[in-house]
Amino acid sequence: MSKIHKDVLLNAVNDVLNYSTEVKKRNFVETVELQVVLKNYDPQKDKRFAGTIKLKYIPRPNLKVCIFGDQMHCDEAEAAKIPFRNVEDLKKLNKDKKLVKKLAKQYHAFLASDSLIRQIPKLLGPGMSKAGKFPTPISHSEALSSRVQDSKATIKFQMKKVLTINTAIGHVGMQPAELAQNINLAINFLVSLLKKNWQNVRAVHIKSSMGKPHRLY
């Protein structure tokens, strides 16, 4: 159950969007970020959590996704103008740490044919996992373009060494109701990952890339 009041959420969303689209419009589409500060958590002792959730609306439409594909997926990717690499392309990297790191930095997310997924560590070494970008498996039973859209709509929460968690949950080109829905989904999912749920939440803010934070909780 969300402890963020609906009116508080909508007012904050409207303030964020109004500032970025009316008061101080930038020459790029600003991302809207959810910022959560935790309490009663010890990153050193407590088990670190991680989880992913697919939001209803894509938070960052320009997110770059790359396919590690078998022949069929590579053909499908080429036809849809989706970046891809085949097995030979991956072999050419020769497990070179710098080249794998460079590849991981080029894209926000990776998808791989399920027939290839077990070969990734052999082909690329541990670099993709270290970068937190190990590919998500994909099959031929679903359209590649829809899986790419799903990937763009998916966000990840991960507990690290600090008590603040930031993640993109939308952009200033969205409708207020769309942004509010994404925020609700994201915060309720994050709270479900916490050992004491809302008792572990100190504060929740949203802000656009260049705007000021607005407190929700």
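Buried residues account for 42% of the 217 residues in the protein chain. The model is a predicted one.

Visitor: How many helices and strands does the protein chain have?
Guide: The C-alpha atoms fill a box of roughly 55 × 45 × 35 Å along the principal axes. The secondary structure of the chain comes to eight helices and ten strands.

Visitor: At what angle do the axes of α1 and α8 cross?
Guide: Helix α1 covers residues 6-23 and helix α8 covers residues 176-193. Their axes come within 10 Å. The crossing angle is roughly 125°. That makes α1 oblique to α8.

Visitor: What is the handedness of the crossing of α1 with α8, left-handed or right-handed?
Guide: From α1, the contact uses L9, L10, V13, N14 and L17. From α8, it uses P176, L179, A180, I183 and N184. α1 passes α8 in a crossing that is right-handed.

Visitor: How many charged residues are in the contact of α1 with α8?
Guide: By class, eight residues there are nonpolar. Two are polar, and the number charged is none: no charged residues.

Visitor: What span should α8 have, at 1.5 Å a residue?
Guide: α8 has 18 residues.

Visitor: Which strands do the buried residues of α8 pack against?
Guide: The buried residues of α8 are L179, A180, N182, I183, A186, I187, F189, L190 and V191. They pack against helix α1. They also pack against the strands β1 (31-38), β2 (50-54), β7 (154-158), β8 (164-171) and β9 (201-208).

Key
Residues numbered from 1 in each chain as written. Predicted model: local features only at pLDDT ≥ 70, side-chain atom pairs only at ≥ 80, totals over all residues. Heavy atoms only, no water. Axes fitted to C-alpha atoms, helices over the stretch in contact; angles between N-to-C directions. Helix = DSSP H or I, 4+ residues; strand = E, 2+ residues; numbered from the N terminus. Parallel < 35°, antiparallel > 145°, perpendicular 65-115°, else oblique. Left-handed = near helix turned anticlockwise from the far one by under 90°. Contact = heavy atoms within 4.5 Å. Nonpolar A, V, L, I, M, F, W, Y, C, P; charged D, E, K, R; others polar. Expected span 1.5 Å × (residues − 1). Buried < 20%, exposed > 50% of the residue type's maximum accessible area, 1.4 Å probe, protein only.
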